[in-house]
Amino acid sequence: MNALLRIFGLWRRRWPALALGLLVSMAALLVAVAMMTLSGAMVFSLGAMAAAPLLVRLLGPGRVVLRYLERLTTHDAMFRALGDVRLWFFRGLARGAAGGIGYRRSADLLARLVNDVDALDGIYLRILIPLAQAVILLPVLIWQVGKGSLLLALAIAVLYGVAAFHLPYRAARASRAAGGRLGESVSALRVAVFDTLSGLREVRAFAAEGRMLALIQAREAALFSAQHDLAGRAARAQAGALLCGQGAILAVIVAAAFDPLLAVAAFLAVAAFEPIAGLARAGVLAGHAAASAERVIEAAESGDALPDPATPAPLPRGSALRFEGVQFRWQADRPFVFDGLTLDVPSGSRVALLGPSGSGKSTLAALALRLAAPQSGRILLGGVDIASLAAADLRGRIAYLSQATHLFDDSIRANLLLARPDASEDEMWAALESARIAEVVRALPQGLDTWVGEAGGNFSGGQGRRLALARTLLSTAPILILDEPCAGLDADTERGFLQTLNETGSGRTVILIAHRLTGVERFDRIWRLSEGRAAAAAG
Amino acid sequence: MDTTKTVARQWVRAQTKESHGFTAIVAACSLAGAAASLVGAWCAAQALALALATRELSLGYLGGFLAAALVQAGCAILAERFAFDAGAAARRRLRSDAMARLLAAGPAMLRGAHSGTLASVVIDRIEAVDGLFVRWLPAAMLALAVPAMVAAVVLTLDPVAGAILIGAGLLVPFAMALSGLGAAAAARSQFAAMARLQTRFLDRVSGIATIVLAGRAEAEAQALARAADELRQRTMRVLRVAFLSSAGLDCAAAVALIAIALRYGGQYADGSLASIPAALFVLLASPQFFAPLRAFAAAYQERMHATAAAEALAELPPLPPQTPPLEVRNVAAHGITIDFYDVSLSWDATRGKALDGVSFRIPAGQVVILAGPSGAGKTSIIEILLGFVRPDSGRVTFNGADIATLVPQALARLTAWVGQRPMLFAASIAENIRFAKPEATDDEVDAAAEAARVMDFAILLPQGLETVIGEGGYGLSGGQAQRIAIARAFLKDAPILLLDEPTAHLDPVTEADVLESLKRLCAGRTTLLASHATAAHAFSSRRVDLRGGRVVGTRGAT
């Protein structure tokens, strides 16, 4: 329930639009009830023939137009509100995901963004609006019928209350668990399908087709079981509401035997039960929506382990990096990666960090970018502890080529511009030259507008790596951290790139992370990482 | 466009036929429910008329009314249950079919489509087909039958009221046809927009760290907001038209109600009491006349969704014809000799040939180094051997048998592969290794992990091999991920070994260790090792030099 309230809070900007939709739907409802009641009154000619012109000229067309407007306004308001939720979700994800999505799965996040957010649209259209209509109609019903017979009014009110409030409430409670299962099973199915499709190479190479298909079918069966459960509950709740409506008609017939004038209440009852017919079914939806709201909020608010300080310090002028007695491990039950690491990287220097894989070379970059914070010790940028800076400011100073740098399913141009949105064509070509890929790109018929493919799939491994490198070099940040920039490159290309790196803009700090040197690099300092500390190595 | 439309229409018809048994039950239940509701309305009218005329309650009619209500409720529950089963059966069938086709087409699919787009076809489009069975089919079957039933009964009781209902009913298809035309096209483009948005989001989520570190998170969020808003506008465009058909229905219903009210209002004032039960019945039954039409209008978009799904499914590659598996086991026992004869391949016609007249031989049980700069075609050669792609011309043979005659599964049995970017699943390290051979014992997995030097780092992790890693190997360094891929190759134990830069992310010490264990793995197997690491070149004296898709030199490999 709290999760649902949070979602309403997110819709704040759309409250006027949502309220308008509600108002229009109320108007449409009242017109419909008035029309049905007047028709009934006319049949029993309760002095209502005078109302005929009103009925024909006003209520009939009014009802058609209002219903149309109701559908448009409510749907439009709903889509806007859901768009806001999606945006909030992405921002939340971005806040906590500077280090990657970690142990979460992208397909699960997508399921939350698409299926769970969509499940929320039922809250407004199929729960809130009919519920509000029921709340308004109930007193009208009691008052209208009560004028003739209080007892009949009471009987109808009870049946109405059961159909509009009690059954939906019970359905919502009962379907809470199944709704949660539904969300989880959609996500599990999505993960299985996505794993299979993005891993098609591995699946084919290891002849895992049958296994993966069996897994997908098992997950699908779980999804069907949850859906079946919910559909069954919905059908039963719906049938209960139908019986309540018929019960009201029965009550009217019985009452009419005592007072014929009460017969007109039958038409009022038919009109009043119509808009709430879907509420019992919507109760099932509410259970599902509540579970979905929880999943959406959980995903958007996880992460962000390192929030910015309340009042971030201004960014210092200098760009010297200093690690001071840093002690760090990723998890309490894992060994220390650094234990008393002290390291100086003066502004504008060229530094190499060497070490075997697993010695913490990439962890060092993560600490400098504040993707993780040391358990003790400090990291200083221009003499200021980076813990006191805003993460976005800090990261604006550092261009980082990680081993997991992602190439987006977009054009080469769009991929490059990510690092520097205002880069000119010449600057892009210069970066491509430095990364030793310009020749390849120039030979492509579409040049910079060539599509890169999923994770750079339209290029070979080494070419993709060089495109990512070009993107990093294009950035104007004063510190460059290059984590294994040459992995997957052949020896000639590697040497060529390292020579260009020697000439890269003066005044820029370059930190090269590698497990070996080729001999052509020129460095001011070379550090070797081992056993959690850095030792100066002979250049 | 027209041919795809016809194809889609035929597809919908074929799907309906496939679940004929279920849909017949759904139709029977729905019709029985509708009949019960008419009986109920008739009982109510009689009872009410009697109560008004004589102040008496007829228990028979009241009981009939109650029984009819119960039957109606029961039928609704049953109809819904069977409709669900029909939908589930169809979705199961379609999803298995789509996955089978994608799996048969294999990795070559990924060159042309984002896996996120394909996943959205398999998940969302097929889920959308459910509405065809759960809502559209029952609605379509009742849309004509029930109004006809109501009209027939009303006609016998009161021809004028019957004529009014029929007249109003005839307005409905007219309004629908008018609005349905534009809606179909709009629905198609809306689905395309939805799929685009999803693919885009999936891509951005996988690379979210890159976006955040580049300081572009807010810009990307704005772009996503614009895309979502575009989707809303498209959806509203569909709905504006779709709601017109509902409005047409509302209009028809209002006309009928007012006309009937005017007619009976006049009669009752004249004191013609005889027509009262009929009047009551007509008033109570007229919602029954319009309800199925309303359901039909609401469900019409389900059919459009199903049609859109049909079009997306039609674009998936067809299942290849079954070729009889060729026996290679007997020859494989003595090792496999691989021959390339004048092989050419281009991934994309505009980008020139990836391989151009490549010929070389790997003698049985020997190691051949494939050397050349990145983009020279090394990976293309390996992907041909893995069966991911077929050469445009030329032949590749195993012991003289063309691999084009092998089924992919037979090829997969013969080869073990370590790729440049091994795909690691979000699961434990042991499960990731076991992917190569699901029936492997724990000891076999341990041995493979040991041989590939996975144990070296796993031993430092809290749960050892049972430690869970994230999607794409999160929590491991590049070198560690590579070693898991090598462990898979050890575990698989196949006669052909294809190694694509197996040591690209390793430091010299680990590289030497891994090469040492690879050397043991290579013993007696036909091995192709694509690498530019100098250490790897000590592996074998046989090598093929590639440049720009052509063989520029061979040593011991012709």
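**Entry 1: a pair in α3 of chain A.** I began with R80(A) and D76(A), which are four residues apart in helix α3 (residues 52–96) of chain A and so are separated by about one helical turn. I am working from a predicted model. I noted the general rule that an α-helix has 3.6 residues a turn, so residues three or four places apart point the same way. Next I checked the distance. R80(A) and D76(A) form a salt bridge, and their closest N and O atoms are 3.0 Å apart. Then I looked up how open each residue is. R80(A) has 29% relative accessibility and counts as partly exposed. D76(A) is at 19%. The cut-off for buried is under 20%, so D76(A) counts as buried.

**Entry 2: a pair in α9 of chain B.** I turned to R234(B) and E230(B). They both lie in helix α9 of chain B, four residues apart, about one turn of the helix. Which of them is buried? R234(B) is buried, at 18% relative accessibility. E230(B) has a relative accessible area of 35%, so I wrote it down as partly exposed.

Entry 3: I then took R91(B) and D130(B). They form a salt bridge, with the closest N and O atoms 3.3 Å apart. R91(B) lies in helix α3 (residues 59–105) of chain B, and D130(B) lies in helix α6 (residues 130–157) of that chain, so the pair ties together parts that are 39 residues apart in sequence. Both R91(B) and D130(B) are buried. I also looked for further partners. A network of salt bridges links R91(B) and D130(B) with E220(A), R95(B) and E127(B). Over all chains, I have a count of 41 salt bridges.

**Entry 4: where chain B meets chain A.** How many residues are in contact here? I found 139 residues of chain B in contact with 133 residues of chain A. The area buried between the chains is about 12700 Å². Carbon and sulfur atoms give 68% of that area. The rule finds eight salt bridges across this interface. It also finds 18 residue pairs in polar contact. Which helix gives the most to the side of chain B that touches chain A? Helix α9 (residues 217–270) of chain B does, with 27 residues. I sorted the residues on that side of chain B into 80 nonpolar, 31 polar and 28 charged.

**Entry 5: E383(B).** I picked one salt bridge between the chains. E383(B) pairs with R201(A), and the closest N and O atoms are 3.6 Å apart. E383(B) lies in helix α12 (residues 378–385) of chain B. Is E383(B) buried or exposed? It counts as buried, at 7% relative accessibility. I listed what E383(B) touches, leaving out residues up to four places away in sequence: R201(A), R111(B), W347(B), F388(B) and V389(B).

**Entry 6: the faces of α1 in chain A.** Last, I looked at helix α1 (residues 2–10) of chain A. Its buried residues are A3(A), L4(A) and I7(A). Why do they line one face of the helix? Seen down the axis of α1(A), the buried residues fall within an arc of 100°, so they line one face. On the other side of α1(A), I found N2(A) and L5(A) exposed. What covers the buried residues of α1(A) includes α5 (121–146) and α11 (279–301) of chain A.

Definitions and conventions:
Residues are numbered from 1 along each chain as its sequence is written. Chains are lettered from A and ligands numbered from 1 in the order in which they are written. This is a predicted model: local features need pLDDT of at least 70, side-chain atom pairs count only at pLDDT 80 or more; totals for chains, interfaces and linings use all residues. Side-chain values use heavy atoms; hydrogens and water are left out. Contact means heavy atoms within 4.5 Å. Buried area is the accessible area (1.4 Å probe) that two parts lose on being put together, summed over both. A salt bridge is a side-chain nitrogen of Lys or Arg within 4 Å of a carboxyl oxygen of Asp or Glu. A polar contact is a pair of N or O atoms within 3.5 Å; within protein, one must be able to donate a hydrogen and the other to accept it, and residues adjacent in sequence count only if both atoms are side-chain atoms. Helices (H or I, at least four residues) and strands (E, at least two) are DSSP runs, numbered from the N terminus. Ala, Val, Leu, Ile, Met, Phe, Trp, Tyr, Cys and Pro count as nonpolar, Asp, Glu, Lys and Arg as charged, and the others, Gly among them, as polar. Buried means under 20% relative accessible area, exposed over 50%, partly exposed in between (1.4 Å probe, protein chains only). The arc is that of the directions from the helix axis to the C-beta atoms.
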